Structure formats: structure tokens, C-alpha cells
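Reader: I'm new to this one. Can you walk me through it?

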Amino acid sequence: MTTRTVRRARRTHRMLQVTGAGAAALLALSACSSDDSSSAGSGSAAGGLSGTVTVFAAASLKESFETLGKQFEQEHPGTKVTFSFGGSDSLAASITGGAPADVFASASPRTMKIVTDAGAGSGTPATFVRNQLEIATLPGNPDGIGSLKDLTGSGLKVVLCDKEVPCGAAAQKALDASRLKLTPVSYEQDVKAALTKVELKEADAAVVYKTDVNAAGDKVEGVDFPESADAVNDYPITLLKDSENTEAAKAFIALVRSADGQKVLTEAGFLKP
């Protein structure tokens, strides 16, 4: 082999070494960049709330909680709040039966106790609002209903919530305190169902919550009655033991109890706890 050939071989070998080292360095830099990007992404996700919060709530909370749910999602991008509204007793039965949920907001301590006695709650439930009854009549109050006693008059079609539902239990308490007997044309499973009967003109009146009369707008007319002061319902809320998104659920409860949450609820007609 000539001297020129040897030199050319050595130069080629050195170039291959440099090229290989450069490629290795580029690969290392690329790996570091990938690791840093991955770490930053997971750190961002870990630092904030995400996922779905499932809330079981009394039917009378529908409008207020839907507003708060949207606010929560805006404040915490990456979260979603889903609701199941209904009679508190039915919701309590679903929870104790194993239905997956993160938060329970009941319209009475009695129905909340069903959940806590079954060991399905986490921590001590907190009362976040109160609600008072009102008579919902047809628009313009054509029957001239002015008191709870007027509902006992013959010929009136009156609807009540089922006695096992908080609004029904409160109505019965008001009737008992007034020593009045009322036989409704139907007992409904939740307060929204009772109100709907009047909205559809299938009933002349219903005993519901003030908040539901407010939410119905001009579809019904509200009539206050003094006996309702003796049958005000406390609304407790709690985190559920089997929650799959505990931190987000706690944050939603905190929003409900915050000044912003209380503002939404009081504007809907709820009373402060």
C-alpha cells in the first residue's frame, strides 16, 4: 500500500469517527428534549384539576348547579361536571346501591343521613343553603288562591311531592302545623315533576320551592304562605367515599360554598345557611 493510500484511509476513518460522534450527540440532545417535553407535560397535568366530576343533586338545584358547573369547567380547563338530578330519596338509594358518583347534594338532612348511615359519605356533610316552600298557581292565579287553606277547597286540582321527597315532607309538615288535610290529585317523585303539572295546566296548583317558582318565570305564579316558615329545608352537600376524582370533587364543593357559589344560589331564591 502506498503512503498516499494509507493517509487517505486514515482521513476517512477520522471523518467516520466525527460523523458518528455528531450523530450520537444529536440523538442524545433529541432524547433530552423529548424527556424535558414529557416531564413538562405531565407536570402541567399534575399541577391542575382534570377529569369528570359526577354530581348527584336534588331536582330543585338544577338551574343553579348547571350554572356553577359551567363556571367550574371554565375555571379548570380539562374538567367536566356531569349531573344527575332527581328526588333526594331516589338519589340516595342509587348511591347506597353502588351508583358511581363523586358528590351528593341533598334537599334535606334526612335523605343525606341515608347515605352517611350506609357509610357512603366521606367526612361531615355541610349545609350550604336553605329553601322555603311556595304555592305555584296558573299564571294570573285565576282561582284566587291566597293561602294554604285555599288549597283544600273542593274542585281544585292540587299536586304535591311524594311524602318521601324533601319537598313533600316539608309540605306535609306545613299542613300538619296548620291542622289542614289535603288530598292531592297526584304525588310526584320530585319538585320539578310537581311544578310541570301546573305549567302544563294539568293541575291548578302545586306546593313547591320558591326557587322552582323563580326558575319557571311567567309559566306560573307564586303565592307565599306563612306556614312555610315552619318547614324550611336545609340542603347538605358531601364528598362521596368512592369518588374517583376526589380533588376535583372537593374543588366543586368549595365553589358551591364560596362567595361566588352563594351568589348564584341566593339569586335563584335560596336562603343562606
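Author: Here is a short tour of a pocket, a sulfur link and one leucine. Keep in mind that this is a predicted model.

Reader: Which residues are closest to its centre?

Author: The largest pocket is lined by 14 residues. Closest to the centre are Ala-99, Pro-100, Ala-101, Asp-102 and Asp-242.

Reader: And how does the lining divide into nonpolar, polar and charged?

Author: Six residues of the lining are nonpolar, four are polar and four are charged.

Reader: New topic. How many disulfides are there?

Author: The count is one. The disulfide joins Cys-161 to Cys-167, with 1.9 Å from S to S. A disulfide is a covalent bond between the sulfur atoms of two cysteines.

Reader: Which hand does the link of Cys-161 and Cys-167 have?

Author: Left-handed, with -110 degrees about the S-S bond.

Reader: Is Cys-161 buried or exposed?

Author: Buried, because its relative accessibility is 1%, and buried means under 20%. Cys-167 is buried too, at 2%.

Reader: Now the leucine. Where does Leu-255 lie?

Author: In helix α8, which covers residues 246-257. Leu-255 is buried, with a relative accessible area of 7%.

Reader: What is Leu-255 in contact with, leaving aside neighbours within four places in sequence?

Author: Leu-68, Gln-71, Phe-72, Glu-75 and Gly-261.

Reader: How many residues apart in sequence are Leu-255 and Phe-72?

Author: 183 residues. In space, Leu-255 and Phe-72 are 7.5 Å apart, C-alpha to C-alpha.

Technical notes: Residues are numbered from 1 along each chain as its sequence is written. This is a predicted model: local features need pLDDT of at least 70, side-chain atom pairs count only at pLDDT 80 or more; totals for chains, interfaces and linings use all residues. Side-chain values use heavy atoms; hydrogens and water are left out. On a 1 Å grid over the protein atoms alone, a cavity is a set of points where a 1.4 Å probe fits but cannot get out, and a pocket is an open set with protein on both sides within 12 Å along at least five of seven lines; lining residues have an atom within 4 Å of a point. Ala, Val, Leu, Ile, Met, Phe, Trp, Tyr, Cys and Pro count as nonpolar, Asp, Glu, Lys and Arg as charged, and the others, Gly among them, as polar. Helices (H or I, at least four residues) and strands (E, at least two) are DSSP runs, numbered from the N terminus. Buried means under 20% relative accessible area, exposed over 50%, partly exposed in between (1.4 Å probe, protein chains only). Contact means heavy atoms within 4.5 Å. A disulfide is a pair of cysteine sulfur atoms within 2.5 Å.
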